[in-house]
Amino acid sequence: MKKNKRPSGPKTFTDISTRARDGDAVVMTAMEFKEFVKTNGVKKAAKEVDIVTTGTFGAMCSSGAYFNFGHSDPPIKMQRAWLDGIPAYGGLAAVDVYLGATELDDSNNMMHGGAHVIEDLVRGRAVRLKATAHATDCYPLKEIDTYVSLKTINQAVLMNVRNCYQNYAAASNTSGRTMYTYMGKLLPELGNATYCSSGELSPLLNDPLYRTIGIGSRIFLGGGEGFVIWEGTQFNTGVERTPNGVPKRPAGSLAVLGDLKQMTPEFVKGLTFTRYGATLGLGIGVPIPILDEDMAKACAVTDKDISTAIFDYAQQTRARPVLAEVTYAQLGSGEVDIKGRRVPTSPLSSIYKARKIAELLKKSVAKGDFVLTEPVQRLPLDRSFKPLDTRSEKEAMK
Amino acid sequence: MKTKLVLNFNPEASNLPITHNLTAKYGLLVNILRAEIDEVGGKMVIEVSGKADSIKTGISYLKEAGVGVRPIKEGVRRDDEACTHCGVCISICPTKALILDSKTHKVIFKEEKCVACGVCIDACPPRAMEILI
């Protein structure tokens, strides 16, 4: 424990980030902090601990990266572009494209999608770039076939519109056949159940009311540094919460951005979910300043206090039926009870990597290398999640 | 003694009642782990248990019958570098050869428990599991 003079009441964000920058902050991982609170109580924790580092590593589908390749000679205004055969969106000016993590090639080869190309680039590999265009007087070239790597690309920026979900659904399958879903392989007749959150280590579950994580928060992203740039898509505050504010269903999410050139393959991984497709395995960590006792109480949350529902993915509808309400402690025990049956569980989220991220982040925050930033704007507290229905032009205007 | 064998069948050998013979004539317990055999031959993976001598004579019988025999120490291999330790595999592995270590939170692969059923292969998102037979 550091011996510098500490304020007795609530601390400001600036107090904490200044102390961290000077290397004087008391920093704990989420795992350590929960133990500390168990032994010493919330009051002491709020007084003595400055920052708690959280982490998560899992499949984060709504991810992708934009690139600027520089200009060819003669120049080209890329309309259609492919990176290692995976289509990238070229409807931006000239030589900027966006590659989605779940994009597949024309043969729908799920073993190698946009996420795998992103991982290849992070690994330092060269990737084949092909592009076509309608020629203009200022951009006369009609096609190009070349190689690029992170060394040749100007900007390579991971920009994800929905990551780091605050809580997530769990899945099982009552049908008679194996179902291949984004929740993994679901065996028939309640053969298994899968879930996808790092639970008590997950950033937004330690800051359930978005008091410290907001737009402008500096975060650990894929092994480098990034920022929260907006609320994530499908952000939904209209879900039931526990008295501590912890949502019982998927709620908030983050849109994030960071320099791909800083990232490492350990935390940026192309994944394949059989018969679903490709997606990006990504590591995110957020340091949370312990401003006061409420924040300490929020970060003391454990898997016993966080619950979710197991949905029946056999029902191919938007509103899948709930099979059971469970806590993450139950899910993490390896078995849950569904309708009187003991069903084995699997996480989709790597707790091993989530813990590693929390530890790495703790080290760099404690050394003053990773500087906490106060959000410039809070995440919304009033977002509903609207469905997509087939509707008329008039109905859409209502 | 227990051993896992990969058997290769040519069209002639594919009609022989080899598992029956291994049991009835050589007193071996045969557990069929995988079998893909049709009119042009195929492969079978079996685990045989019994006395060492009986296994030896059983293998000689198979070879004389024209069945290719290859002992295997491992049927499934994990690429440790590719594994993210997410744990998707642990609930689908029927023999609990894949388990989460509660201390390290890593997925442990107990090869001796693996029966090479292959159910983990297409369930693994980073494609860290490979079937060798």
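In the predicted model, two strands of chain A, β3 (56–59) and β10 (155–163), each contribute at least two residues to the lining of the largest pocket. Of these strands, β3(A) provides the largest share of that lining, namely three residues. The lining of this pocket comprises 39 residues in total, and those nearest its centre are A:Tyr165, A:Tyr168, A:Tyr182, A:Gln234 and A:Pro250. The space in the largest pocket amounts to about 1,200 Å³. When its lining residues are sorted by class, 21 are nonpolar, 13 are polar and five are charged.

The second largest pocket has a volume of about 830 Å³. Its lining consists of 37 residues; nearest the centre lie A:Tyr195, A:Gly332 and A:Ser333 from chain A, together with B:Leu100 and B:His105 from chain B. Two or more lining residues are given by each of several elements: in chain A these are α2 (30–48), α6 (328–332), β24 (341–347) and α7 (351–366), and in chain B the element is β6 (98–100). By class, the lining of the second largest pocket is made up of 14 nonpolar, 13 polar and 10 charged residues.

The contact between the two chains was examined next. Chain A takes part with 26 residues and chain B with 22 residues. The size of an interface is often expressed as the accessible area that is lost when the parts come together. For chain A and chain B, the area buried between them is about 1,900 Å², and 58% of it lies on carbon and sulfur atoms. On the chain A side, the residues that lose the most area to chain B are A:Lys185, A:Pro347 and A:Tyr352, which together account for 28% of what that side buries.

Charged side chains also meet across this interface, where two salt bridges are found between chain A and chain B. One salt bridge joins the side chains of A:Lys185 and B:Asp122, with a distance of 2.7 Å from N to O.

Chain B itself is divided into two domains, with domain 1 covering residues 2–72 and domain 2 covering residues 76–131. The centres of domain 1 and domain 2 of chain B, taken over C-alpha atoms, are separated by 27 Å.

Notes. Residues numbered from 1 in each chain as written. Chains lettered and ligands numbered in written order. Predicted model: local features only at pLDDT ≥ 70, side-chain atom pairs only at ≥ 80, totals over all residues. Heavy atoms only, no water. Domains from an automatic or database assignment. 1 Å grid on protein atoms, 1.4 Å probe; cavity = no way out; pocket = protein on both sides within 12 Å on 5 of 7 lines; lining within 4 Å. Points joined across faces, edges and corners; volume = space filled by probe spheres on them. Helix = DSSP H or I, 4+ residues; strand = E, 2+ residues; numbered from the N terminus. Nonpolar A, V, L, I, M, F, W, Y, C, P; charged D, E, K, R; others polar. Contact = heavy atoms within 4.5 Å. Buried area = accessible area lost by both parts, 1.4 Å probe. Salt bridge = Lys/Arg side-chain N within 4 Å of Asp/Glu carboxyl O.
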